[in-house]
There are 2 protein chains.
Amino acid sequence: MRLSQYFLPLLKETPKEAQIASHRLMLRAGMVQQSSAGIYSWLPLGKRVLDKIENIVREEQNRAGALEILMPTIQPAELWQESGRYDDYGAEMLRIVDRHERNMLYGPTNEEQITDIFRAHVRSYKALPLNMYHIQWKFRDEVRPRFGIMRGREFLMKDAYSFDLDGDKARAAYNRMFVSYLKTFARMGLTAIPMEADTGPIGGDMSHEFIILAETGESGVYFHKDWMNINLDADIDYNADLQPFVDKYTSLYARADDMHDADNCPVTADELMSLRGIEIGHIFYFGTKYSEAMGATVSGPDGKAVPVHMGSYGIGVSRLVGGIIEASHDDKGIIWPDSVAPFGVAIVNLKPGDAVCDAEAERLYEQFDNAGLEPLLDDRNDRPGAKMASMDLIGIPWQIVVGPRGMENNMVEVKRRKTGETAEMSPDSAVIKILNR
Amino acid sequence: MRLSQYFLPLLKETPKEAQIASHRLMLRAGMVQQSSAGIYSWLPLGKRVLDKIENIVREEQNRAGALEILMPTIQPAELWQESGRYDDYGAEMLRIVDRHERNMLYGPTNEEQITDIFRAHVRSYKALPLNMYHIQWKFRDEVRPRFGIMRGREFLMKDAYSFDLDGDKARAAYNRMFVSYLKTFARMGLTAIPMEADTGPIGGDMSHEFIILAETGESGVYFHKDWMNINLDADIDYNADLQPFVDKYTSLYARADDMHDADNCPVTADELMSLRGIEIGHIFYFGTKYSEAMGATVSGPDGKAVPVHMGSYGIGVSRLVGGIIEASHDDKGIIWPDSVAPFGVAIVNLKPGDAVCDAEAERLYEQFDNAGLEPLLDDRNDRPGAKMASMDLIGIPWQIVVGPRGMENNMVEVKRRKTGETAEMSPDSAVIKILNR
């Protein structure tokens, strides 16, 4: 992308309403714009990051055997009356009356709807195991939306739902999602710690929150210091028994403050870390809670109908954009991990109009474009300092500065955003260095 | 994908409520399931097709220089009060009151919201031309939703919005979208005829509907018979003047029945064709209608502030799924064009459990998978006739049948869904034939 043809409305001033780093930086970097309280438009730069995150989530869900579907945003009230949650859910549910006076709602989650799909089609245990997910906008009418997209009202969530014949098989489905979550977040450069959690309004027997560490986190978290040295194994065979893998991770203590009891903590004080964290995922096993209420049964091997065992598995896709920024930024701006960066490399032409600089910047642009690295070329007229500050603000992982003085010796400057390290080298060396990153 | 691990709930009976082919076939092929009137869940097969169509739309929008953003589904009423459309829009607008008693709505279109984004950030004509689009769910509360996803209430639309300094430049932006629409639909195997249209509630000076031919179309259409022999040129330079290209297409008569006047038609009776059609896209130039009402101005080269000239450009992404089926099906089921097929090739193992058949089916599966052709392997136990009928129903463009008798001579049967042609050949020849399609 050439910056002269892009829409990147950077803000010089920090907006007053932004209390935390991610909100401040997303507004300053022109990633989002507020539409109304807790509701945002994603501008071109923000949309690119959102897509990158969504694609990683999708790939890892597919790898773990989940099937992608797409349920609508607007649901009929009847389904929630069947489960009993229509009255329970309270004011966070956005309730709607359509032109024929039917009660509808903007889905805050989809347990009822997926159970309705299941019961319409599945009759036999032979169709199991089954796990279906969608990545869809949800709405929760927060009483006080804040922190930008971190606690918004309209938000993008991946929610998966598993169906199994019995509790043991449901546990295996839970384990697949547990492990795939660790992989998903690791690919985004995050250490996400699974913490035993309360099941809350979803209900159920077993639950883990996945929490990343950040100073501005909404919860206090307590965990064994060995969590800081976790190294995820490379390959996962989702057909294998994953219980040993899950046991390995859950054996290390980790609780958010609502579940932590300081007086009965099994970890000694010198091994216990206490920091703040942000929830980015939450998984639940809730057995037959919805299948019994809604009549979702299958015939088992003995021919008898039994209610199916279910779990649900959420990832806050839009929230992750803010979560990654909270975990990875400095005074100059955002520091995107390579896997979610909106552009892989920025090429800053210090002197557009200078024939040598223009030719070299274009040549670099073509090479990175052909290699699929999604380059961003700053071809605008602006002060060199302002141009470099902009690339730091929007957090492009690699930056190449092409200027007339360097070009006299066929040299460009290469900078790694994360470390701030810079080095002069020939343009060809710069290409090789960045492609082999 | 292996069918034993997939969720493909085919229906044997034709659902009574389905009046047209696409609705009937989408239900029978397990592509969608109704959630409430005019609102559907997209099951795995349907989601794959929807994604394919969405990606073609996205690629062609990007190629034409439009920038992708994502505006939210829920909009504040204030924006629509500014433009004057809040009261005009009528009962099709889904109006919502949030917990703080603020008036909101589920966006049926986004002219107001994009104008709000533009006016917040753009001050100078130097930022123009600018064209931003999003692919987002919309809601129109149809009084009588019908024909499945063809006239649903919640539907996926691509809508682009162009901003230019004056009418001439806006015309060039309009032309870029006009041409990119022809390319977009051609890539989906469709002949879409642009027809001069009324501007309706969007308002404005110039408008074309893009209509594909189908017996079950909602409108009568009248057009010069040469439209049946249109051949789209391969490459488009979007930086060039596209007026001659647009003139070439608009010089051929084409009108939907609301704009056709039989008594004053310039085409002679023997050159005029009269068929039925389905609207799949609609483009508008409406000048300063919204920019004046909402104060979206830029300073021109002379420093004076002028309201910006706008156009909007819609494609019914979810509607296209039905439109393609209406244009391409037979008694046996759907016939997907290769570019939007949910799977590129089906491998039907007639005898799962037979070591030779299993090994050959798996080998073919791996080869097509590695080549990126997205194979579907039917590895279930079922009658051969039922298995082949299922692949015809869901419309997979190429089908390879692996059976014990053929394998005695190392032969498989290859079928082209579109023509029904079959041929026996070695598995290696089948791979070469299909990869070189």
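Colleague: In which strand of chain A is A:Ser207 found?

Modeller: Before we start, this is a predicted model, where local features need pLDDT of at least 70 and side-chain atom pairs count only at pLDDT 80 or more, while totals for chains, interfaces and linings use all residues. Residues are numbered from 1 along each chain as its sequence is written, chains are lettered from A and ligands numbered from 1 in the order in which they are written, and side-chain values use heavy atoms, with hydrogens and water left out. Strands are DSSP runs of E, at least two residues long, and helices are runs of H or I of at least four, numbered from the N terminus. Residues 206-213 of chain A form such a strand, and the one that holds A:Ser207 is β10.

Colleague: Is A:Ser207 buried or exposed?

Modeller: Buried means under 20% relative accessible area, exposed means over 50%, and partly exposed lies in between (1.4 Å probe, protein chains only). A:Ser207 has a relative accessible area of 4%, so A:Ser207 is buried.

Colleague: Which residue has its backbone oxygen 3.0 Å from a polar atom of the side chain of A:Ser207?

Modeller: Contact means heavy atoms within 4.5 Å. Leaving out residues up to four places away in sequence, A:Ser207 touches several residues, including A:Tyr174, A:His282 and A:Ile283. The backbone oxygen that lies 3.0 Å from a polar atom of the A:Ser207 side chain belongs to A:Ile283.

Colleague: Now the two chains together. How many salt bridges are there between chain B and chain A?

Modeller: The contact takes 57 residues from chain B and 57 residues from chain A. A salt bridge is a side-chain nitrogen of Lys or Arg within 4 Å of a carboxyl oxygen of Asp or Glu. B:Arg153 and A:Asp98 form one, with their closest N and O atoms 2.9 Å apart. Between chain B and chain A, the salt bridges number four.

Colleague: Why does the pair B:Phe286 and B:Tyr290 count as edge-to-face?

Modeller: Rings of Phe, Tyr and Trp (its six-membered ring) pair if their centres lie within 6.5 Å; planes under 30 degrees apart count as stacked, over 60 as edge-to-face and the rest as tilted. Over all chains there are 25 aromatic pairs. In this one, the ring centres of B:Phe286 and B:Tyr290 are 5.0 Å apart, and the pair is edge-to-face because the planes are at 75°.

Colleague: Why is helix α5 of chain B largely enclosed by the rest of the structure?

Modeller: This helix spans residues 111-121. Its buried residues include B:Ile114, B:Ile117 and B:Phe118. The helix is largely enclosed because the buried residues are eight of the 11.

Colleague: What separates B:Arg119 and B:Asp116 along helix α5 of chain B?

Modeller: These two form a salt bridge, with the closest N and O atoms 2.9 Å apart. B:Arg119 is partly exposed at 21% relative accessible area, whereas B:Asp116 is buried at 18%. Being three residues apart in the helix, B:Arg119 and B:Asp116 are separated by about one helical turn.

Colleague: Last one: how many residues apart are A:Asp428 and A:Arg363?

Modeller: The two form a salt bridge, their closest N and O atoms being 3.0 Å apart. A:Asp428 is in helix α13 (residues 427-435) of chain A and A:Arg363 is in helix α10 (residues 355-370). The pair links distant parts of the chain, and the separation is 65 residues.

Definitions and conventions:
A polar contact is a pair of N or O atoms within 3.5 Å; within protein, one must be able to donate a hydrogen and the other to accept it, and residues adjacent in sequence count only if both atoms are side-chain atoms.
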